[in-house]
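Q: I would like to learn how to read salt bridges and nonpolar cores in a model. Could you walk me through them?

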Amino acid sequence: MKKIAFIFPGQGAQSTGMGLSLFENFDSAKKVFKKADEVLKKDVSKMCFEGPDEVLKQTVNTQSCLLAVSIAALEALKEASNGKIKADYTLGHSLGEYSAMYAAGVMDLDNILLAIQKRADLMQKACENSKQGAMSAILGLNEEKIKECLEKASIKGLVSIANYNEPNQIVITGEANAVNYANELLKEAGAKRVVPLAVSGGFHSKLMQSASDEFKDFVKTLNINDAKIPVITNVDGKLTTQAKDFKAKMPEQISSSVYWTQSIKSLLELGVDTFIEIGNGKVLSGLNRKICPAEVKTYNVFDKDSLNATLEALNTINV
């Protein structure tokens with residue numbers, strides 16, 4: 001028997017046209033998009049299918065749109081496989097953690113949509129109210145060297161690690177002056193590439209603390225259940241199943257690092273040998289190639305063709 005983990009992408013994976021193939025080919029996916037439009041009182045479907053890019057990339061829209069696409073893809077996979085393909089664990093990158101929680105039964109569709117929209121609204125507000133934030137991807141430099149450079153750069157302001165994406169890619173975040181100074185230090189320290197990211201703020205840093213604090217109060221209003229499937233949470237890379245733990249970790253995740261590499265390694269240690277990336281694009285599959293041994297397989301579900309290819313591949317496996 002294979003051990004399967006469902007993994008869900010986060011902000012940055014969006015693209016105009018995403019989800020349309022799912023909407024057109026699967027009734028279960030169509031229901032998700034219609035529910036998103038209804039619950040959030042905005043045209044999530046149209047933004048996903050038609051953009052434009054400038055609208056889709058705004059945090060207040062990106063998060064709800066990506067969530068809708070991931071959940072639509074998940075429901076399409078369930079429909080097409082007659083529920084036979086099941087996850088032993090779930091995991092999502094940043095906002096993707098909400099799709100993972102949905103897959104694990106932590107929240108129903110209405111609650112998860114309301115939660116992600118509130119999260120996005122508060123993060124956008126924090127960007128507007130805080131000092132100018134920035135983020136950069138650092139390639140080809142080890143964690144120890146990066147931390148040394150960030151410590152030096154902190155004389156210019158707040159700067160920290162946002163994402164441990166894979167062993168050779170770490171994303172830094174914080175106040176723009178400090179991030180820019182860190183970029184120079186990291187180049188001098190031997191980083192192969194330093195790539196400033198086109199983002200509206202310093203996500204996953206203490207610049208998001210106000211959003212985290214406000215979200216804590218909102219989470220109290222949500223109907224949150226114990227997980228039916230263990231979720232590996234971003235803030236610590238550990239298995240989480242209790243409702244009370246999700247309530248504590250959801251606000252914390254906004255302002256803390258995403259321990260993605262550590263989370264994937266935790267799943268490998270638990271015996272996971274098959275990953276299915278569910279949602280737009282193949283960003284997480286690319287990261288998995290850098291983290292996982294060659295024999296570990298990662299499949300994708302983002303449209304009808306990729307779903308069928310995954311079903312065909314998994315039908316050759318004793319699932």
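A: Let us start with the charged pairs. Side chains of opposite charge can pair when their charged atoms come close. This structure holds 11 salt bridges, each being a side-chain nitrogen of Lys or Arg within 4 Å of a carboxyl oxygen of Asp or Glu. The model is predicted, so local features need pLDDT of at least 70 and side-chain atom pairs count only at pLDDT 80 or more, while totals for chains, interfaces and linings use all residues. Residues are numbered from 1 along each chain as its sequence is written, and side-chain values use heavy atoms, with hydrogens and water left out.

Q: Which residue forms a salt bridge with Lys147, and where do both lie?

A: The partner is Glu143, with the closest N and O atoms 2.8 Å apart. Both belong to helix α8 (residues 143-153) and sit 4 residues apart, about one turn of the helix. Helices (H or I, at least four residues) and strands (E, at least two) are DSSP runs, numbered from the N terminus.

Q: Are Glu166 and Lys290 buried or exposed?

A: Buried means under 20% relative accessible area, exposed over 50%, and partly exposed in between (1.4 Å probe, protein chains only). Glu166 counts as buried because its relative accessibility is 5%, whereas Lys290, at 54%, counts as exposed. Their side chains meet in a salt bridge, 3.7 Å from N to O. Glu166 lies in strand β4 (residues 159-166) and Lys290 in helix α13 (residues 283-291), so the pair ties together parts 124 residues apart in sequence.

Q: What links Asp236 and Lys249?

A: A salt bridge between their side chains, at 2.7 Å from N to O. Asp236 is in the loop between β7 (231-233) and β8 (238-240), and Lys249 is in helix α11 (residues 243-255), 13 residues apart. With a relative accessible area of 28%, Asp236 is partly exposed; Lys249, at 14%, is buried.

Q: Which residues touch the most other members of the largest nonpolar core?

A: A nonpolar core is a set of buried Ala, Val, Leu, Ile, Met, Phe, Trp, Tyr and Cys residues joined through side-chain atoms within 4.5 Å. Here the largest has 76 residues, and Phe6, Tyr98, Met107, Ile112, Ile224 and Met250 touch the most other members. Helix α5 (residues 59-80) supplies the largest share of this core, 11 residues. Apart from this core lies another, of 20 residues, including Ala134 and Tyr164.
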